[in-house]
Each structure stands twice: as structure tokens, then as C-alpha cells.
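Subject: Structure for your review

Dear colleague,

Please find below the sequence and structure that I am handing over to you. My notes on what was found follow directly after.

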Amino acid sequence: MMEKFDSQQRIALTIKLIRVHLFDAIVNRSVLEIWPSGERQALAQIARRILDWADRPERFLSMLDRTLLDGILDYSQPAEQLMGLIRRRWNYRSVDVVIPRNPLLAFARQGPLRTYIGGYFV
């Protein structure tokens, strides 16, 4: 299915899947006792599959989102740490929430600043 999309469409889709579905999978498991280790491993595998669909889509994530994604990929990190990152993600006034590791990508089509500014006006 992904073969039908051009590179920009693949990046857009992967970024949306990461921000909306992958990160929400953590939010939906805020009760940490329901996180079996196999589920964390499955989440990491899904994240890797999503990342493989496009050319380095993670570069468009904010610094904090990238740290969160790295935590998902390294399922040995404590679930409490992922939950703390999710809570910090909702503070849109923090630089690490709105600026990617490469600040030149902040206003890219899938960059965090454009995403959050667009969300503000919708």
C-alpha cells in the first residue's frame, strides 16, 4: 500500500501515525500495571515498521517527541519515564516541544511548529 504514495506523502503519514496513534498508545495505558513486557516489545516493533515506511521521518519530530520515540524503541526504558514525557509533551510553551533536533526543520511541512500553529487556529 505505501508504494502508492510519494516520499512527502509517506513522511506525512508516518508523522501522523507516530504523533496520533503511537503516542496515544502510551496515553491510553496510563495505568502502568496493565503494561505487560510483551506489549512494550510489540509497540517498539510497530514503531520500527512505521519508521521504515519513509526516509527518516523522525527528523521532523520535536526534541521531546524524538526522545519519546527513542524510549518506545528502547522498550527497556521504564513506562513511568514514557508517561512523564507524554505529560511534558502537552506544554506547548516549552522549546523542546516545538523545536526539532535540527532547528532548520521547525517550519517544515511536517515540523512541530507548523503542526502546533495549525492546530491552534483549527
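**Arg 56 and its setting**

Arg 56 counts as partly exposed, because its relative accessibility is 49%, a value that falls between the limits of 20% for buried and 50% for exposed. The residue lies in the loop between H2 and H3. Although Arg 56 is not a glycine, its phi is positive, at about 50 degrees. Most residues other than glycine have a negative phi. Please bear in mind that the model is predicted.

**The chain as a whole**

The chain contains six helices and zero strands, and from the N terminus its elements follow the order α-α-α-α-α-α. Of the 122 residues in the chain, 41% are buried. The accessible surface amounts to about 7,400 Å², and carbon and sulfur atoms account for 56% of that surface. Where contacts in the chain link residues at least 6 apart in sequence, 65% of them join residues at least 24 apart.

As to confidence, the average pLDDT of the chain is 86, and 89% of the residues score at least 70. Helix H3 has the highest confidence, with a mean of 96, whereas helix H6 (residues 112–121) has the lowest, with a mean of 68.

**The contact of H2 with H3**

On the H2 side, the contact is formed by Arg 40, Leu 43, Ala 44, Ala 47, Arg 48 and Leu 51. Their partners in H3 are Leu 69, Gly 71, Ile 72 and Leu 73. Sorted by class, this contact comprises seven nonpolar residues, one polar residue and two charged residues.

**Arg 109**

A further arginine, Arg 109, is located in the loop between helix H5 (95–98) and H6. Arg 109 counts as exposed because its relative accessibility is 58%, and the cut-off for that class is over 50%. The C-alpha atom of Arg 109 lies 9.8 Å from that of Ile 11, although 98 residues separate the two along the chain.

Yours sincerely

Terms used: Residues are numbered from 1 along each chain as its sequence is written. This is a predicted model: local features need pLDDT of at least 70, side-chain atom pairs count only at pLDDT 80 or more; totals for chains, interfaces and linings use all residues. Side-chain values use heavy atoms; hydrogens and water are left out. Contact means heavy atoms within 4.5 Å. Helices (H or I, at least four residues) and strands (E, at least two) are DSSP runs, numbered from the N terminus. Ala, Val, Leu, Ile, Met, Phe, Trp, Tyr, Cys and Pro count as nonpolar, Asp, Glu, Lys and Arg as charged, and the others, Gly among them, as polar. Buried means under 20% relative accessible area, exposed over 50%, partly exposed in between (1.4 Å probe, protein chains only). Accessible areas come from the Shrake-Rupley method with a 1.4 Å probe; for residues, only the protein chains shown count as cover. pLDDT is the predictor's confidence in each residue, from 0 to 100.
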